[in-house]
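Here is a friendly tour of one protein model, written to be read with the structure open beside it. Please have a look at the chain, and then follow along.

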Amino acid sequence: MAEKSTSEERTVIIVGAGFAGVAAFTQLSTSLDADTKLILISPRPYLIHLPAAHRLVITPDEPNLADNVLIPLPSRLNQGNRKTVQAKVDSITDEGTTRFVTLDNGETIKYTVLILAPGSKWESPFDFPDTKEGTLEKLRELHARFEKSNDIVLVGGGAVSIELSGEIKDEWPTKNLTVVHSRDLLLNDAYPEHWRSNVAEGLKKRGINLVLGERVDDVEPKDGKISTRSGKVIPADLVMATRGPRPNTDFISSSLGANVVTDSGHIKVKPTLQLPSHPHVFALGDIIDWDEQKSARKGVNQARTVVCPNVVAFLKDPTTNNMTTYSSMFEKLTLTNGRNGGTMYIGKLWGLTFGDWVTSRKASKNLYMPGIRRQLRLNP
């Protein structure tokens with residue numbers, strides 16, 4: 001049976017300063033009593049605004065762009081019993097009444113409740129280093145590689161590849177750009193076929209080549225080309241593996257056991273977003289095993305409507321059955337195609353779709369940057 005603790009002993013740790021983790025921290029900062037310690041742990045001193053990261057990849061020196069994509073965690077987050085810790089969590093110990101995380105600097109921090117929101121691991125070009133300077137240096141080097149390449153191939157036909165190709169065409173309209181995808185249509189079956197076909201047409205109109213129903217195992221070009229698994233040859237002097245992310249959960253499974261994750265590495269959770277065998281541990285965002293598409297919008301919703309109220313209830317009474325359960329949100333996907341185009345799908349009614357005019361004004365021109373600090377409560 002879970003034990004009660006006095007408020008002076010209570011510590012809530014959040015691992016990960018992405019959309020879900022930051023949303024949980026800013027909400028709990030006000031909903032927890034002042035005596036409860038709240039700690040946000042992240043290897044980076046900033047949040048990466050991923051919906052705008054593809055533009056930073058292609059134009060890293062655009063004025064003010066880096067500051068709006070790599071959003072600093074303001075110093076005001078560190079007040080009283082609320083603080084941020086810049087470190088990486090190496091392991092978790094959750095055995096009976098012994099509960100603590102071990103950081104990469106050797107420090108251990110005890111917790112009453114642990115919230116896991118470490119996000120995803122990305123392939124290049126989105127495998128950003130943990131410092132702003134290192135990230136910009138990496139992206140400038142990558143920009144130089146794009147600059148001198150004539151035949152660029154993106155392997156993967158999901159949102160990352162689609163939006164990155166639009167930015168490439170904005171910056172270098174004449175380069176030969178090819179997107180390779182293993183399915184016969186772009187994206188996946190979560191979205192209707194007619195809309196996926198429209199997405200493909202939008203790329204073709206910009207002169208982007210699509211190679212569908214093919215897989216690429218070796219992304220290193222040889223003699224100016226790559227080959228698909230079936231033997232199709234594609235001109236290539238620069239290849240980017242844009243196949244989407246993997247859940248950043250290796251440190252969780254190695255600590256708590258392989259049974260806490262699925263074969264894909266996602267964390268098994270109850271509808272309360274607690275781990276079934278670890279009631280003091282909650283998980284949310286990209287890492288959870290839930291039958292829906294992952295998105296920042298859903299991670300923030302999980303934090304604010306499920307995890308935060310449940311943590312407050314759990315701290316009051318660990319045996320409570322009065323907890324909120326999570327229900328899947330409707331699917332919504334906005335895909336930019338450069339700064340002036342794109343398409344949007346909203347999974348309501350019969351499935352609403354919008355084209356270049358609406359999408360460019362809603363997303364493509366500014367990539368949600370003007371309001372993101374306010375929405376996440378990260379204003380200085």
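Is Lys132 buried, partly exposed or exposed? Lys132 counts as partly exposed, because its relative accessibility is 28% (buried means under 20% relative accessible area, exposed over 50%, and partly exposed in between, with a 1.4 Å probe and protein chains only).

A word on the ground rules. This is a predicted model in which local features need pLDDT of at least 70 and side-chain atom pairs count only at pLDDT 80 or more, while totals for chains, interfaces and linings use all residues. Residues are numbered from 1 along each chain as its sequence is written, and side-chain values use heavy atoms, leaving out hydrogens and water.

**Salt bridges**

Side chains of opposite charge can pair when their charged atoms come close. A salt bridge here is a side-chain nitrogen of Lys or Arg within 4 Å of a carboxyl oxygen of Asp or Glu, and the count comes to 15. Some of them are listed here:

| Pair | N to O distance |
|---|---|
| Asp67 and Lys132 | 2.3 Å |
| Lys121 and Asp250 | 3.1 Å |
| Arg229 and Asp217 | 2.8 Å |

Asp67 sits in helix H3 (residues 65-69) and Lys132 in helix H4 (residues 132-148), so their bridge ties together parts 65 residues apart in sequence. Helices (H or I, at least four residues) and strands (E, at least two) are DSSP runs, numbered from the N terminus. Asp67 is partly exposed, at 37% relative accessibility.

The bridge between Lys121 and Asp250 links distant parts of the chain: strand S10 (residues 120-121) holds Lys121 and helix H7 (residues 250-256) holds Asp250, 129 residues apart. Lys121 is partly exposed at 32%, and Asp250 is partly exposed at 44%.

Arg229 is exposed at 55% relative accessibility, and Asp217 is exposed at 54%. Elsewhere, salt bridges that share partners join Arg183, Asp189 and Arg196 into one network.

**The interior**

A nonpolar core is a set of buried Ala, Val, Leu, Ile, Met, Phe, Trp, Tyr and Cys residues joined through side-chain atoms within 4.5 Å. The largest one has 64 residues, and Leu28, Ile92, Val101 and Ile115 touch the most other members. Helix H8 (residues 296-316) gives this core its largest share, nine residues. Another core lies apart from it, with 42 residues that include Leu56 and Leu186.

Leu186 also touches His181 (contact means heavy atoms within 4.5 Å). His181 lies in strand S12 (residues 176-181) and is buried, with a relative accessible area of 9%.

How values were computed: Lists of a residue's contacts leave out its neighbours within four places in sequence.
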